[in-house]
Amino acid sequence: MNAITDKNTMADSAPANAIEMRGLTKIFGNDPQSALALLESGRSKTDVQAETGHVIGLNNVSLDVARSQIFVVMGLSGSGKSTLIRHVNRLIDPTAGEIIVDGVDVLKMSLEELRAFRRTKVAMVFQKFGLLPHRSVIDNVAYGLEVRGVGRKQRLETAEKWIETVGLKGYENSRIRQLSGGQQQRVGLARALSLDTDIILMDEAFSALDPLIRAGMQDELITLQKTLHKTILFITHDFDEALKIGDRIAVLKDGALVQEGKPEDIVLRPANEHIEEFVAQVNKARAIHVRSIMEKGDHEPCEQSVDMDARCEDVLPLFAEQQWVGVMDRDGRQVGRVTAKQVIKALARHTPGVP
Amino acid sequence: MFPEIIDTRPLRKSIDEGLNWVVTNWSQTFEAIAHPLLVLLNLIQGLLLATPWWLIIAILCAIAWQATRSWKFPLLVAGAMFFLGLMDLWEDSMITMALMIAATLTTIVIAIPVGVFMSRSTRVRQILTPLLDLMQTLPSFVYLIPAVMIFGPGKIPALIATIVYAAPPLVRLTDLGLRSVDPAVMEASRAFGTNPSQRLFGVQIPLALPTILAGVNQTIMMALAMVVIASMIGAGGLGYQVLQGIGRLEVSRGLFAGLGIVVLAIVFDRTTQAFGKQLQAKIGITEART
């Protein structure tokens, strides 16, 4: 929870963040308010659960999701991550706390306003796809626009465009059951993208897919994001996935926020043992950006160089030939350089058994 | 013997008198309310009887072909209908079919909304379930007699008795179908900002349609099962032939008319089932289960 302090300065100018959650608590059971009172009186979560028989899904979670970034919420099953994402478009109502999306308090919306909000502001992609089996691919992709009230011709045009973008051209009139899992999720993605909302919620969107297909979809999402600049709230139980696609990562455990920060922050400075366990399993070369370990400054140009966004795994092969590898900014100027030694040091820093 | 603790005679007497009071004071009102049913039934019956026999066979065969997309079933339908014609049962068959169609249409109009209502509220379900049990298990004569007293013998009480008997499975299956729509699909639909009626007509009913159609199939079968009883109070048709066969001890008459009912049942059962399978395949439910 201390991790959010570095963003406190932005809290006043409200719409700076796309999504803000304040003290979000969700208790499942018959009388959540009494369980909430116990929880707020300082009793531990396990105590309250044992005593009242209620299940605490989320416990005082506060998060800020900045615009145009992929924000990943990571946690094991039962950590409350899927509950959390459903609060953003109020598929679930919280027991306490507030949710501000684009400067608007979602909880104060009437039912009609909420529907308008769902139609125009947030789109969602689901783990189980949630496609309509009685409709063709194109009608599925156009579904959100249909609900919004867009005319048939226009919505089919938009759907057509997004079907092509996600690589399903030629499948427009196929039935959902004729597609593979990966293709079905492409339909789910196209359906969300065709709404052209600023915010996209992705609930374990790739978790049901085979590893190879999943990696492909992740790459595609990253590529798409480079041109779309959406605010994406992405839920996953896969730490590797979180590191690969996340601009920022929040880790949930037992309904509470454990740590929030850049992927490097979490890999290099895990907040507790729980996160260390994840970090120990993970490919750190993927998590650490070279820019965070490079020697900054104007050095003589190196023979080979990588982009600012490159990660350690991208530079490793280059060290076979080179002593130094340069790091370039977006305009192609060299802003720093790294050696193999620096990379190895960063990778070894938190490995157990290595001083 | 069980000891007589309370005297039931006053209770029975008051029920009987209550019914008599309703019959004397309200029977005309009830008849007026039920009149549209009679109009519907007569319309269908008139239409079926006015249509030439070969056209009816052709239409049924075309529907059968639509349902199965093979030539085998239409052939069976044609054979079945020829049997009815050759056995001199054509007119009675049309009368029975008219009763069945009128009862099924009325049941659909009533039972599907009730099923929708039931699927949305556990409370409504708790109240309706015993009522449906009652409608299905109560011997039909028990409500047939008051119906005849109120409406007088004829087609209306026959139709009402058929509807009472045939509606429960459709209500139940509509409820079941709507409730068993994949919650993931429902949630996705909600997330895109649909209102309840958009979800009902755009997601729930299309996905529950195979189950609802199974309910319609059951309704048709139960309506046909009622025709003999309905003919006792003046519905006519194949059931009346069976009844006459029994009354005159003419086994052949009863047998042929009985077979006629079976033939109609086969034709309509197979047709609706084939449509149901077609729908399931279209939605992909059959694939999902394997």
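**Entry 1: conventions.** I count two strands as paired if DSSP finds at least two bridges between them, and I take helices (H or I, at least four residues) and strands (E, at least two) as DSSP runs numbered from the N terminus. This is a predicted model, in which I read local features only at pLDDT of at least 70 and side-chain atom pairs only at pLDDT 80 or more, while totals for chains, interfaces and linings use all residues. Residues are numbered from 1 along each chain as its sequence is written, and chains are lettered from A, with ligands numbered from 1, in the order in which they are written.

**Entry 2: strand β1 of chain A.** I looked up the partners of β1(A) and found that eight bridges join it to β2(A), residues 55-66, in an antiparallel arrangement, with Glu20(A) standing opposite Asp64(A). Strand β1(A) is also joined to β4(A), residues 96-101, by five bridges, again antiparallel, and here Thr25(A) stands opposite Ala96(A). I then checked burial, calling a residue buried if 20 or more other C-beta atoms, placed from the backbone, lie within 10 Å of its own, exposed if 12 or fewer do, and partly exposed in between. By that count β1(A), residues 17-28, is mostly covered, as nine of its 12 residues are buried.

**Entry 3: the six-stranded sheet.** I traced an open sheet of six strands in chain A, with mixed pairing and the order β6-β7-β8-β3-β9-β10. Its edge strands are β6(A), residues 122-125, and β10(A), residues 256-261, each of which pairs on one side only. Direction ignored, neighbouring strands of this sheet are turned by 15° against each other on average. Within the sheet, β3(A), residues 70-74, and β8(A), residues 231-236, run parallel and are joined by five bridges, and Phe71(A) stands opposite Leu233(A).

Helix α3(A), residues 81-88, lies across β3, β6, β7, β8 and β9 of chain A and runs at about 155° to β8(A). Helix α8(A), residues 181-193, lies across β6 and β7 of chain A, at about 180° to β6(A).

**Entry 4: chain B.** I found 13 helices and zero strands in chain B, whose C-alpha trace spans about 60 × 55 × 45 Å along its principal axes. Of its 290 residues, 38% count as buried. An unreviewed UniProt entry lists several spans of chain B as "transmembrane region", among them 72-90 and 140-167, though such annotations may be inferred rather than shown by experiment. I note that residues 72-90 of chain B are 84% helix and 0% strand, with end C-alpha atoms 23 Å apart, whereas residues 140-167 of chain B are 89% helix and 0% strand, with end C-alpha atoms 13 Å apart.

For confidence I read pLDDT, the predictor's confidence in each residue from 0 to 100; its mean over chain B is 90, and 98% of the residues reach 70 or more. Over residues 286-290 of chain B, however, pLDDT stays under 50.

**Entry 5: where the chains meet.** Counting contacts as C-beta atoms, placed from the backbone, within 7 Å, I find 19 residues from chain A and 18 residues from chain B. The largest share of the chain A side, four residues, comes from α4(A). That side has nine nonpolar, four polar and six charged residues, where Ala, Val, Leu, Ile, Met, Phe, Trp, Tyr, Cys and Pro count as nonpolar, Asp, Glu, Lys and Arg as charged, and the others, Gly among them, as polar. The predictor gives the complex an ipTM of 0.82 and a pTM of 0.82.

How values were computed
Two residues are in contact if their C-beta atoms, placed from the backbone, lie within 7 Å. Axes are lines fitted to C-alpha atoms, for helices over the stretch in contact, and angles run from 0 to 180 degrees between N-to-C directions.
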